[in-house]
Amino acid sequence: GVQVFDNGVSTSASSTLAALDSLHRGSPGAPQGTIHWIGGGASKGEDLLRIAADLHGALVRVHGRGWLFGAVANPLREAIASQGRGSAPLDESTGPAGWHGEGAQPGQFPSRDDAPCTSFPSLDEAIQAALKAAQPGDVVLFSPGFASFDAYANFKARAAAFHRILQRWRPSPTEPGSQRAAWPTPEQAES
């Protein structure tokens with residue numbers, strides 16, 4: 001299935017970078033699939049080019065892909081894209097499969113220096129796209145890295161929205177072969 005990690009308390013790039021680095025393929029027990037990072041929100045006046053350079057490097061290291069939302073989504077997508085050789089910004093019109101390229105397999109990037117990102121106006125749309133694109137063995141990481149005040153009262157309200165959206169995606173036992181993301185319930189994880 002697809003593993004989902006919630007780092008919804010992250011309102012800084014350094015917290016998100018630590019979360020991404022913890023999923024590096026060289027780390028013991030690290031996932032081998034694509035890391036689908038969901039990030040965004042509102043900038044607190046940070047240097048987006050510096051943050052983009054750090055995020056680009058982390059996404060390349062973990063073979064990751066960004067699904068960006070909120071006020072910072074478009075400028076951050078463009079800044080991250082400017083970091084890779086031959087990178088071009090992707091937008092919602094390319095869709096989840098648009099980043100593969102002609103004849104490429106899921107998880108395969110145009111160059112090892114690319115860190116594809118897609119921007120969305122809302123958290124809901126970014127989560128849906130990431131979950132649709134995730135394949136068995138992949139990880140979905142919710143680690144916003146920016147303030148929540150563009151759309152939410154605080155980071156707790158944003159994290160609660162993330163959990164409500166995930167509940168809509170939890171697989172149903174009546175849907176054999178469902179393409180929805182699969183992860184254990186808290187009860188299953190405890191047993």
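Start by selecting Phe142. Phe142 is buried, at a relative accessible area of 0% (buried means under 20% relative accessible area, exposed over 50%, partly exposed in between, with a 1.4 Å probe and protein chains only). Rings of Phe, Tyr and Trp (its six-membered ring) pair if their centres lie within 6.5 Å; planes under 30 degrees apart count as stacked, over 60 as edge-to-face and the rest as tilted. Phe142 belongs to strand S5 (residues 139–145) and Phe162 to helix H5 (residues 155–169), so the pair links distant parts of the chain, 20 residues apart. Helices (H or I, at least four residues) and strands (E, at least two) are DSSP runs, numbered from the N terminus.

A note on the model before moving on. This is a predicted model, in which local features need pLDDT of at least 70 and side-chain atom pairs count only at pLDDT 80 or more, while totals for chains, interfaces and linings use all residues. Residues are numbered from 1 along each chain as its sequence is written, and side-chain values use heavy atoms, leaving out hydrogens and water.

How many aromatic pairs are there by this rule? The count comes to two. Select Trp67 and Phe120 for another stacked pair, 6.2 Å centre to centre with 25 degrees between the planes. Trp67 is in strand S3 (residues 64–69) and Phe120 in strand S4 (residues 117–120), so the pair ties together parts 53 residues apart in sequence. Both Trp67 and Phe120 are buried.

The charged end of Arg65 sits over the ring of Trp67, 3.8 Å from its centre (the rule asks for NZ of Lys or CZ of Arg within 6 Å of the ring centre and within 35 degrees of the ring normal).

Step to His63, in the loop between H2 and S3. Its phi is positive, about 55 degrees, although His63 is not a glycine. Most residues other than glycine have a negative phi. His63 is partly exposed, with a relative accessible area of 32%.

Now show helix H1 (residues 13–21) and helix H2 (residues 48–61). Their axes come within 9 Å and cross at roughly 10 degrees (axes are lines fitted to C-alpha atoms, for helices over the stretch in contact, and angles run from 0 to 180 degrees between N-to-C directions). H1 and H2 are therefore roughly parallel (under 35 degrees; over 145 is roughly antiparallel, 65 to 115 roughly perpendicular and the rest oblique). On the H1 side, Ala13, Thr16, Leu17, Leu20 and Asp21 make the contact (heavy atoms within 4.5 Å).

Select Ile51 in helix H2. Ile51 is buried, with a relative accessible area of 2%. Not counting residues up to four places away in sequence, Ile51 touches Ala13, Glu46 and Phe146.

Next, colour helix H4 (residues 123–133). Its buried residues include Leu123, Ile127 and Leu131. Among the elements covering the buried residues of H4 are strand S2 (35–40), S4 and H5.

Finally, zoom out. The protein has six helices and five strands, in the order β-α-β-α-β-α-β-α-β-α-α along the sequence. Buried residues make up 47% of its 191 residues.
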